[in-house]
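Here's a quick briefing on the model below.

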Amino acid sequence: MLSQSAEYEVYFPPELVPAVSHPIVREAAPGTVHRVLVERLFHYLHFTTELESVAVLPVTVDLSRGRDDLNLSPAMREDAFKISTDEAWHAQFSHDLMTQVAAETGIPLRTVEPTFLRRLEELRALMEPELRGAQSLAFCIVSETLISAILADLPQDRRLPAAVRDLVRDHAEDEGKHHAYFRSVLKYFWHSLSPRQRRLLGPWLPELVTIFLEPDYPAVARSLLAAGLSTSQTEAVLAESYPPLAVRASIAEAGRTTVRYFAEIGALDDPGTLDAFHAAGLTNGLPL
């Protein structure tokens, strides 16, 4: 169970929520920073629930049942089955913790669809028809090779409630294994595509990385408005807390390992794909 025995305890690391360092938020009514951090935890947990349920589980179930052209070994099919079990549990315990936090803090739980789901649907509509069966696996590979890095530091942050740290620690342990699995799947996946499919899919890959890593601005705005900020104050906080160049650099740093994996399998050998990664700012500092 959650505990608020320590007065210094926060529900989410403030360093990962730039908005709470803004003077408007700092100088707002007492409890504003606390509420925004609780809302950020809600968003993180709901994001996890939706990611696992909507974007990952359908892919791992298909992999476990051989509904693909990847020629995976029986052992890799069995691993996909195990990952499906893991991800269902991650979704459930994230949802359960949300309800516990809402009950303890008295802050209403408002679950709105994370922006990444809408953006994925928009991307699917833009992709060429022959890629419609590939984009879900591509995003799953991107998300599963990115998420373990995001989870690395939270379990060590003793400012967080023990229940939050324990949840993230368990999640991180599983996701480390899933990261290795999907790095292997990437090789099978990429080489299962025709040369034309690779040329078509490659330039979309930077957008998949960005969709996963970019801040959910509507979610931040909702939390600021719910904490009592006006619309104009919220717009100012968003504009000044998330400058585009800083966000772009953060995405590039967080995505470095995944981009390297795509380079290793030869995806960036295609000029159009390489140009797209350059344009997204995802190749800085990489030995390409």
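Before the pockets, a word on how they're found: on a 1 Å grid over the protein atoms alone, a pocket is an open set of points with protein on both sides within 12 Å along at least five of seven lines, while a cavity is a set of points where a 1.4 Å probe fits but cannot get out; lining residues have an atom within 4 Å of a point. Grid points are joined across faces, edges and corners, and a volume is the space filled by probe spheres set on the points. With that rule, the second largest pocket comes out at about 390 Å³.

This is a predicted model, in which local features need pLDDT of at least 70, side-chain atom pairs count only at pLDDT 80 or more, and totals for chains, interfaces and linings use all residues. Residues are numbered from 1 along each chain as its sequence is written, and side-chain values use heavy atoms, with hydrogens and water left out.

**Confidence**

- The chain averages a pLDDT (the predictor's confidence in each residue, from 0 to 100) of 92, and 95% of the residues score at least 70.
- Residues 4-8 fall below 50 in pLDDT, and beyond near neighbours in sequence this stretch has 6 contacts in the model (contact means heavy atoms within 4.5 Å).
- Where pLDDT is low, the predicted coordinates should not be read in detail.

**The second largest pocket**

- Helices here (H or I, at least four residues) are DSSP runs numbered from the N terminus, as strands would be (E, at least two).
- Three helices, α2 (32-64), α5 (135-150) and α6 (162-192), each supply at least two residues of the pocket lining.
- The largest share of that lining, 6 residues, belongs to α2.
- By class, the pocket lining splits into 11 nonpolar, 4 polar and 7 charged residues.
- For those classes, Ala, Val, Leu, Ile, Met, Phe, Trp, Tyr, Cys and Pro count as nonpolar, Asp, Glu, Lys and Arg as charged, and the others, Gly among them, as polar.

**The cavity**

- How many cavities of 30 Å³ or more are there? The count is 1.
- The largest cavity holds about 210 Å³ of space.
- It has 16 lining residues, and E39, H43, A219, R222 and S223 are the closest to its centre.
- Both α2 and α9 supply at least two residues of the cavity lining, with α2 giving the most, 6 residues.
- The cavity lining has 8 nonpolar, 4 polar and 4 charged residues.

- Helix α4 (residues 115-126) has 12 residues and reaches 17 Å from its first C-alpha to its last, close to the 16 Å expected at 1.5 Å a residue (that is, 1.5 Å times one less than the number of residues).
- Which residues of α4 are buried? They are T115, F116, L117, R119, L120 and L123.
- Buried means under 20% relative accessible area, exposed over 50%, and partly exposed in between (1.4 Å probe, protein chains only).
- In α9 (residues 217-226), the buried residues are A219, V220, A221, S223 and L224, and their cover includes α1 (23-26), α2 and α10 (231-241).
- After α9 comes G228, with a positive phi near 110 degrees.

**Residues worth a click**

- F12 lies in the segment before α1 and counts as buried, because its relative accessibility is 4%.
- Not counting residues up to four places away in sequence, F12 touches V17, L37, R40, L41, Y44, L154 and L160.
- F12 and R40 are 28 residues apart along the chain, and their C-alpha atoms are separated by 6.8 Å.
- N71, in the loop between α2 and α3 (74-105), has a positive phi near 55 degrees despite being a residue other than glycine.
- N71 counts as exposed, because its relative accessibility is 68%.
- E130 sits in the loop between α4 and α5 and is partly exposed, with a relative accessible area of 35%.
- Leaving aside neighbours within four places in sequence, E130 is in contact with R196, Q197 and L200.
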